[in-house]
Amino acid sequence: RQALLWCALVAAWEVSWGQLRYSVPEEMQKGSFVGDVAKDLGLELSALRDHGARVVSEGRRQYFSLHEKTGHLVTAERIDREHVCGRLMEKCVLRCEVIVEGEMKIYAIEVEVRDINDNAPSFRETETEVKVSETTVAGSRFSLSVARDPDIGSNSLKRYELSGDEHFSLEIQTAPDGEKRPELVLAKALDREKNAFHELVLRALDGGDPARTGTMRIRVVVLDANDNAPVFIQAVYRVRVREDMPVGSELLTVSATDADEGKNGEIKYTVQIFSEMASEAFRLNTETGDITLIEELDFEKTALYELEVQAQDGGDLSDMTKVVIEVIDVNDNVPEISVRSLLSAVPEDSPSGTVVALLHVQDRDSGANGEVRCSLDTGLPFRLRSSLGSYYSVETSRELDREAVSEYNVTVRATDGGSPALWSSAVLALRVLDVNDNAPVFAEARYSAWLTENNAKGALVLTVHAWDADWGENARVRYRLCEGQVRGAPLSSYVSVHAETGALYALRSFDYEEVREMGLWVRAEDGGAPALSSNVSVRLLIVDENDNAPQVLYPPPASSGTGAVAGWTGVELAPRSAEPGTLGDAGVSVTRWLVVAVAAVGCLLVTFLLALLALRLRQWRCSHLLARSSGTLRAVPASHFVGIEGVRAFLHSYAHDVSLTADSRKSQLGCPGGSCCNTLPAAPPPDKGAPLLLPEEPS
């Protein structure tokens, strides 16, 4: 119970950090249960279906999938631990992530693939031959090939057993790297004449239950005298090479010595244990022991190679050594950016921190070469946030404005820590969805229009126009009149506005004498929810036209019998020269011409007086100079000058009787009978002198 409680506590702690761990044995059938993801994460099955959830794994192969109906994590194929993780990795852990698309959330999952005893120990060769001189002393040792078991832990290779005859026994030596190596030990002296061959069986057993075994048959050939066997200088050779080492480079040389001379002292080198990948990458010179690179190395594929090299002399005596080649990583892989989830569009009113994309970044190099830094272009309303492990989330850093920028191409750059650094980039295309955040705006601050009275019903008055910076239905503008009244009647009975075009129409025929101007408000409203609106004022001015006949109001017609006037309310006079229609309507055309006429007469009068004054001054100057020269001043004939009385007569002849009132119907222009005179009064007789200036009459 305590163990179960502890496991539950550990699982709860892992879930709180957004990470789940499961364990399954290898070689399970496709679709086998791994874990209840929905339950362990506290997610509803409906949420998984509605929001869309999927499993992604590192690399190209997907080992797991999510069952839509149950929310269970299941295997997507059979998993062979030895193939996926290899023999050198003690713990095989596969990592994947569950991405909930609608919520833009990610949950990390680690699945440990447990080893099962599905592999038996095996030798590279099922049969081998060992040559031993008959003079070899008891206790001499002969190296044998080791067996390999891809399984790990208790299922790996545990022990060796030897069966045969009494001349040989088996001992196990532990190499510096911990590997157990079998050695054939001569227990009794050999006699070639009695027995030239000895048949033995070497058996390798693992720790499984039941145990699996592998066998190799050993044939010992007894030779004539060859006293000394080759001996390697080192029991284990180690070398570290860069993965960008050029093909043809010599990596190392193994060397063994033999104390014998002649043919028995000649040594040849061969590889006894050679993996398939090692055989393709390296070549051993059998004469010199040089190991040469014959294929390009790739740290990401194989980081370690192990070889078993045998040195054999001419008398068929041999020794074994181990060669370990470690590959050093170089920065030869660019960072890889994969978009695991992306929103193609985001509303412009999304709050800061809204996640729009989930990215997974990895670099297959190791160490500093595999450390990746991500960045975004500056000046964009987005930022990067490290999410989980190698995941990054792209989120908004401030509110968006579709009216300013409607689309973004966000470039994500990933740079590793190598020298020189390698980088890659990915472009995220993102549209900004419109939100109704702009009210319609009219083209003008206010509108004015003039409409001639007696217009036809339905006549177009003017057209108002408003535009909305939003998009789609949010930018669709409709117009309507604001409520109001004119002379006690609803405004809508006078004018109407077209909802789509904004055209203002008159619904009745206007009469200037009743309504001279009208003020109203037009509202523009968009199609958003909720809708936004704005108003504009419209001033409608009615223009008068000649639609009323003149009426003689004075003198009023005599009433029969009494001479009284019935219904007479005022007096309006017209000049004799008035044309038809002059005074029937409002006297704006009449008043204007009166003003023009009076102004013209005034200008003529001022001009005449100035000219007359200049003429009189000039004549007075001439007469003054003449008086100085002669001493006497002769009388000037009065006929040559115009006196004050003449000016008065002139002004009187052109005088008009003008009567203006506030009501244009009552404005009058009277011309006296003597106004037709166009000459000045007769001048005095020529023989009678006239003074230049006449004295004023006393008041």
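**Close-up views of a predicted model**

C482 counts as buried, at 16% relative accessibility; buried denotes under 20% relative accessible area, exposed over 50%, and partly exposed the range in between, with a 1.4 Å probe and protein chains only. The model is predicted, so local features need pLDDT of at least 70 and side-chain atom pairs count only at pLDDT 80 or more, whereas totals for chains, interfaces and linings use all residues. Residues are numbered from 1 along each chain as its sequence is written, and side-chain values use heavy atoms, with hydrogens and water left out.

**View A. The disulfide of C85 and C92.** A search of the whole structure finds one disulfide, a term for a pair of cysteine sulfur atoms within 2.5 Å. C85 and C92 form this link, with their sulfur atoms 1.9 Å apart. The link is right-handed, with 60° about the S-S bond. C85 is buried at a relative accessible area of 15%, and C92 is buried at 2%.

**View B. An open sheet of four strands.** The strands follow the order β25-β31-β30-β27, and their pairing is mixed. The edge strands, β25 (345–347) and β27 (372–376), each pair on one side only. From one strand to the next, the twist averages 30°. Strands are DSSP runs (E, at least two residues), numbered from the N terminus, and two of them pair if DSSP finds at least two bridges between them.

**View C. The pairing of β25 with β31.** Strand β25 and strand β31 (residues 423–433) run parallel and are joined by three bridges. A345 stands opposite R431 in β31.

Definitions and conventions: Axes are lines fitted to C-alpha atoms, for helices over the stretch in contact, and angles run from 0 to 180 degrees between N-to-C directions.
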